[in-house]
Amino acid sequence: MAHDIEIIEKTPAEYTYKKRNADRAMRGQLMMFALMIFMTLISFTAVQAGFSPLFVIPVILLLAAVQVGLQLYYFMHMKEEGHGLPSMFMYTGVLIGFLTVLAFVTIIWW
Amino acid sequence: MDLNTKFTAKSWPDHPETATMEAKNKFVGFWLFLGGETILFATLFATYLALRNSVPSGNDFSTDTLFELPLVFVMTMLLLTSSLTSVYAMYHMKNYNFKAMQLWLAITGFLGLGFLGFEVYEFTHYIHLGFTYGNSAFSSAFYTLVGTHGLHVAIGLVWLSLLILRNARRGLNLYNATKYYTFSLYWHFIDVVWVFIFTVVYLMGVVG
């Protein structure tokens, strides 16, 4: 199979620029990780604190959804360019998944 | 160009995971697979939500007495941290630092192994209590959902070990960059599913 790749040597300036961007992105990832740990701690604490289920359940579901969004968009790079098809696949999966869960929790009654 | 061509940190492309046509195809194909996996897990979540706490009369297993949050918390931390270590691995992959990438992936593997160990312990504990797979609709739905996730972790660990060992002497090139990248996507996806498992199964189970 032909692989039409041109090898392009970066100039020192381009290389420094790439390194700096990569380091900045990595610091962003660390921030996101701290945020995820923080949200996990809130979820577990909210459950242990013994608030009303009507309050706790929506809060922990919302925190889970936000945390999954951070995983997808930051850790899995969906926020970067060239992720049109991946986004379409994931949103289609989430839509069908959501409808399935909705149907099962509302229609099944035993 | 030969796929095994050696690069340097300065000639390594910005997006090695999509640098060749084969890599682009793998990248899109793998995301399609993850979209399908989303639906697979959604059906298992739907089944679990419909059947949780559905036990025959005289059977007193229920989510609020069975689950123990400290264990689940430790498992969550292990898997979440392993997600970060694989981000570090991909950071080094993009910087063409093969040794650092392999090291971070090995750490990822050990964290995943720890997670799996705790899960096996948890399941054995439940089975000793009499909460076996055939105990009730609740137990079957629980083991199928959480067990399918655990199976994904186990498959991920085999995949990771093969990647690390098979490419140990080859070093990083455009032949294996996408292989490493799709593995990291898979590993993050496992964590994504676990976020919903610890929230929907364990936390919502304890709340009642």
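Here is a short chat about a predicted two-chain model, chains A and B.

User: What should I know about numbering and confidence cut-offs before I start?
Analyst: Residues count from 1 along each chain as its sequence is written, while chains are lettered from A and ligands numbered from 1 in the order in which they are written. This is a predicted model, where local features need pLDDT of at least 70 and side-chain atom pairs count only at pLDDT 80 or more, while totals for chains, interfaces and linings use all residues.

User: Which element of chain B has the highest mean pLDDT?
Analyst: pLDDT is the predictor's confidence in each residue, from 0 to 100. Chain B has a mean of 95, and 100% of its residues reach 70 or more. The model as a whole scores ipTM 0.93 and pTM 0.95. Among the elements of chain B, the lowest mean (92) belongs to helix 2 (residues 63-66), and the highest (98) to helix 4 (residues 98-128).

User: How many helices does chain B have?
Analyst: Helices here are DSSP runs of H or I with at least four residues, strands are runs of E with at least two, and both are numbered from the N terminus. Along the sequence, chain B reads α-α-α-α-α-α. There are 0 strands, and the helices come to 6.

User: Is chain A spread out or compact, and what is its radius of gyration?
Analyst: Chain A runs α-α-α from the N terminus on. Its C-alpha trace spans about 65 × 35 × 20 Å along the principal axes. The radius of gyration is taken over C-alpha atoms, and the globule rule is 2.2 Å times the number of residues to the power 0.38. For 110 residues that rule gives 13 Å, so chain A is more spread out than a compact globule, its own value being well over that at 21 Å.

User: What percentage of chain B is buried?
Analyst: A residue is buried if 20 or more other C-beta atoms lie within 10 Å of its own, exposed if 12 or fewer, and partly exposed in between, with C-beta atoms placed from the backbone. For chain A, 20% of the 110 residues pass that test. For chain B, with 208 residues, the figure is 43%.

User: What distance separates the ends of helix 2 of chain A?
Analyst: The expected span of a helix is 1.5 Å times one less than its number of residues. Helix 2 of chain A (residues 53-75) has 23 residues, so it should span 33 Å. The prediction agrees with that, as the end C-alpha atoms are apart by 31 Å.

User: Which helices of chain B do the buried residues of helix 2 of chain A pack against?
Analyst: The buried residues of this helix include A:Val56, A:Ile60, A:Leu63 and A:Phe75. Within chain A they pack against helix 1 (12-49) and helix 3 (84-107). From chain B, their partners are helix 3 (69-94) and helix 6 (177-207).

User: Which helix of chain A gives the most to the side that touches chain B?
Analyst: Two residues are in contact if their C-beta atoms, placed from the backbone, lie within 7 Å. By that test, 47 residues of chain A meet 48 residues of chain B. Helix 1, helix 2 and helix 3 of chain A each supply at least two residues of that side. The one that gives the most, with 13 residues, is helix 3.

User: Is B:Leu79 buried or exposed?
Analyst: B:Leu79 sits in helix 3 of chain B. Leaving aside neighbours within four places in sequence, B:Leu79 is in contact with B:Phe115, B:Asp191 and B:Trp194. With 26 C-beta neighbours inside 10 Å, B:Leu79 counts as buried.

User: Where does B:Tyr96 lie?
Analyst: B:Tyr96 is a residue other than glycine with a positive phi, near 60 degrees. It has 20 C-beta neighbours inside 10 Å, so B:Tyr96 counts as buried. Its place is the loop between helix 3 and helix 4 of chain B.
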